[in-house]
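Subject: Structure handover

Hello,

Here is the structure we spoke about, with the sequence alongside. My notes follow below it.

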Amino acid sequence: MNSPVEEITQFRSEFDDASLGVLSDILSTLYANPERSTMREYIANGIDAHVSAGVNRPVKVTLPSYGSPSLVIQDFGDGLPLDALRTTFFKYAASTKNDDDNQIGAFGIGAKSAFSLSKSWTVSNVHNGLKYVISATNDSHGAPLQTVIINGEPSSEPSGITVTVPITKNHLMHDWSKSARELAMWLPKGSVEFSGSGIVQITHWSDKYSTYHRLVKNADTHGYAARSLDVIMCGILYTVDSLTAQEIRQRALKELKRALGAIDPVANDADFTSTVQANATRSVTMDWAHSTEKERAVYRATASSSVLDKWIDTIFRSAVRVDAGDVDLMPSRESVKGTPRTITTVTAYVSELIQTFADDVAAARELPMIDRIGVSKELSSVAETSPSLLLNAFGVPDVKVRVHHGTNPLRLHEVISKGATRGVLVTHVKDGSALPRRRLMENATGCQFLTASNDGTDPMFGDLTRLMTGNEDIQPTMTRDEYRETMRAVSPAKSGVRDATLHSWAILDHDPLTWEPNVTSRRDTFADIVDEVSEMELPVYVVDTMGSYHSVAAQGVRGIVIQRGRRKVETFERELGLSVLEAKDFEGAMEPAAYTRAFKFLSQRTSHDIRCVALSEFTASSYATALRDIVDSSYGSLIRDDHRARLFLSHLSEGKLLATDPRMLKAVRWVANNQSNDAAESPEHDAIVSAVRNVDTAPWKMLEAFRHRVPDDALHEAAVYLAAMG
């Protein structure tokens, strides 16, 4: 007789030791960057512990080194009783923070992240004067096994938790200092203190990046320029994948159109799009005085449309600060999870930024004309566009005004720009008439002298003299007669004594070790110059203007440069008793001298440094970004730690750091772009040229195709390709 069949409607999956080991192995490979992620998890736990305990001191982190290969993270909170310690650190998928948006965590995985770096690690915990030490390791099945080493012994040590993770050789190769800087940049200022491997100089984001409401502009994602929108939540910066960012951008564009229509109703007209496109293809200048109100409205709206387009581009190169719990995260907490909730929430934040900026544009239009200029400078920096475009959006058109620079007529925006850079307006000068010795005066004073045919009043804008700034010695506005008096004070001349005229001149030299230009600029009488120059063994160049000698000096040219004034070149040769070179010889001396200086400078550096700088200088940024996208993606684990793609990126980063020395960058550029002149051919010379010119800036040619395909399958294909190519 058959036994009755047991009726089963539900049952749970069961885990034996072997299956738990498999699960543990999966979790240990969860992170694309396990070193940075492990630090982030335990530092965040420590900061949360300090907040809960009211402790005002940093979490201490000791970075691993070859001499001391352990990562140690210590907080000074209240510690945990043994049961809570077991639940927090050793019970999988159970979190103490599920219902607290002000603390980071919810998956019950972070406290076990040490397994991604090591098969064994320890937790030391002091709570209410009792110390507990637990060692975590993997058993023969790979399943986590904890051993209580110290169980509630009295201790005088400060309360808190210390996590110690032994670091294997492979993980020691990681740039721990770099990851530490990246993490500490976004955490609350002063909340973490690093010691150990390398010198960690922490720059907080608030000291590095400019902000606009919730936006942190051009924020660095993980050591390289952000490719797309990122979010900052609870002091941690999270990347937004390209598909999610694209969806958010498409929704935000609808808000942009609505915001534009609110401040410029003409933008809602059916034919406005074609008007904008037409204006974008050519330079549009308006006869403002004879235009209709509709034409002026279209002019403003066209500029506003361009400004808002620039603004949304800026937003999607930056990071948005969101409130705790506002977005969903991937289990690894290395990036945002593109759920409908996340997309809706971040779109709302971006829409708020667009609307706020549009409101600022609308508010600027209500200000007096002179005040709109200051706002245009502020908002142009925010939106990364030109002040002139914002002035158009503010209703300050680039109209013709009766102001000249020399004999060149200027438009209003040019007057605004020149006036802000030590501009001086000389009034009551006939249109097109040149000021005497204007160039000499500009070289001597550093000011730009403009002329107006009236008292500086414009029918539309009003008093143009308000735009001038002058300098500490020169007043911002003056009459023609006052200009002549100033000119005589700057360049005195006694009647009948020509030698009293002052000449501008400069001695160009350089430091032979640092390649830094050493320029001494002076103004003296011709007789004094002759007395001093005749004793120097340097070539003499006579030029009409002194405008270019700084740039030439920076290339390593040595010599004496004298502004000719009204004297003939033959006069200089006769009085100095030297063969004098003219301006064309001065400019022509630049290239060979620069090459020689560059070669001498590079001969003091290693071939490795030179190759790294050349790599960073000549590698296309899109190629480097694509390569880093692959390595940092979830498929990056396919690419070994010692793969030459990772080495390529390491050398690229090293080169960018070295290239912050302008002498190094300048030398590499000269050797790359110019032929040697009299530099002796030698093995050393050939090695430098080879290091600069033979660097392979695109070893994986097929990545060109990947650069135009961002979806997940393209990332996977590219990672497989790199792994196969080796």
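**Residues with positive phi**

At 52% relative accessibility, His428 counts as exposed, since the cut-off for exposed is over 50%. Please keep in mind throughout that this is a predicted model. His428 lies in the loop between strand 15 and helix 14 (438-445). Its phi is positive, about 60°, although His428 is not a glycine.

Cys234 is another non-glycine residue with a positive phi, in this case near 55°. Cys234 belongs to the loop that joins strand 10 (230-233) and strand 11 (236-239). With a relative accessible area of 29%, Cys234 is partly exposed.

Arg422 also has a positive phi, near 55°, and follows helix 13.

**The chain as a whole**

The chain has 726 residues, and 48% of them count as buried. Its secondary structure comprises 27 helices and 24 strands. Of the contacts between residues at least 6 apart in sequence, 69% join residues that are at least 24 apart.

Which residues of helix 13 (residues 412-420) are buried? They are Leu412, His413, Val415, Ile416 and Gly419. These residues span an arc of only 160° around the axis, and therefore sit on the same side of helix 13. As background, an α-helix has 3.6 residues a turn, so residues three or four places apart point the same way. The cover over the buried residues of helix 13 includes helix 11 (369-383), helix 12 (387-393), strand 13 (400-405), strand 14 (408-411) and strand 15 (423-427).

Helix 5 (residues 176-186) has 9 buried residues out of 11, so it is largely enclosed by the rest of the structure. The buried residues of helix 5 are Trp176, Ser177, Ser179, Ala180, Glu182, Leu183, Ala184, Met185 and Trp186.

**Two helix pairs**

Two packed helices are described by the angle between their axes and the distance between the axes. I looked at two pairs in those terms.

For helix 7 (residues 242-263) and helix 10 (residues 340-364), the axes come within 9 Å and cross at roughly 30°. Angles under 35 degrees count as roughly parallel, so helix 7 and helix 10 are roughly parallel to each other. Helix 7 passes helix 10 in a right-handed crossing. On the side of helix 7, the contact is made by Thr244, Glu247, Ile248, Arg251, Ala252, Glu255, Leu256, Arg258, Ala259 and Ile263. Helix 10 contributes Ile343, Thr344, Val346, Thr347, Val350, Ser351, Ile354, Gln355, Ala358, Val361 and Ala362. Sorted by class, the contact of helix 7 with helix 10 has 12 nonpolar, 5 polar and 4 charged residues.

The other pair is helix 22 (residues 621-632) and helix 23 (residues 644-658), which pack at an angle of about 130° with their axes 11 Å apart. That angle makes helix 22 oblique to helix 23. The crossing of helix 22 and helix 23 is left-handed. Tyr623, Ala624, Leu627, Arg628 and Val631 of helix 22 make the contact with Ala645, Arg646, Phe648, Leu649, Leu652 and Ser653 of helix 23. By class, the contact of helix 22 with helix 23 has 8 nonpolar, 1 polar and 2 charged residues.

**Two single residues**

Is Val382 buried or exposed? Its relative accessibility is 13%, so Val382 counts as buried; the cut-off is under 20%. Val382 is in helix 11. Leaving aside its neighbours within four places in sequence, Val382 is in contact with Tyr212, Lys217, Trp311, Thr314 and Phe357. Val382 and Ile315 are 67 residues apart in sequence, and their C-alpha atoms are 9.8 Å apart in space.

Gln246 is in helix 7. At 46% relative accessibility, Gln246 counts as partly exposed. From C-alpha to C-alpha, Gln246 and Leu229 are 9.3 Å apart in space, and 17 residues separate them in sequence.

Regards

Key: Residues are numbered from 1 along each chain as its sequence is written. This is a predicted model: local features need pLDDT of at least 70, side-chain atom pairs count only at pLDDT 80 or more; totals for chains, interfaces and linings use all residues. Side-chain values use heavy atoms; hydrogens and water are left out. Buried means under 20% relative accessible area, exposed over 50%, partly exposed in between (1.4 Å probe, protein chains only). Helices (H or I, at least four residues) and strands (E, at least two) are DSSP runs, numbered from the N terminus. The arc is that of the directions from the helix axis to the C-beta atoms. Contact means heavy atoms within 4.5 Å. Axes are lines fitted to C-alpha atoms, for helices over the stretch in contact, and angles run from 0 to 180 degrees between N-to-C directions. Angles under 35 degrees count as roughly parallel, over 145 as roughly antiparallel, 65 to 115 as roughly perpendicular and the rest as oblique. A crossing is left-handed if the near helix is turned anticlockwise from the far one by less than a right angle, and right-handed if clockwise. Ala, Val, Leu, Ile, Met, Phe, Trp, Tyr, Cys and Pro count as nonpolar, Asp, Glu, Lys and Arg as charged, and the others, Gly among them, as polar.
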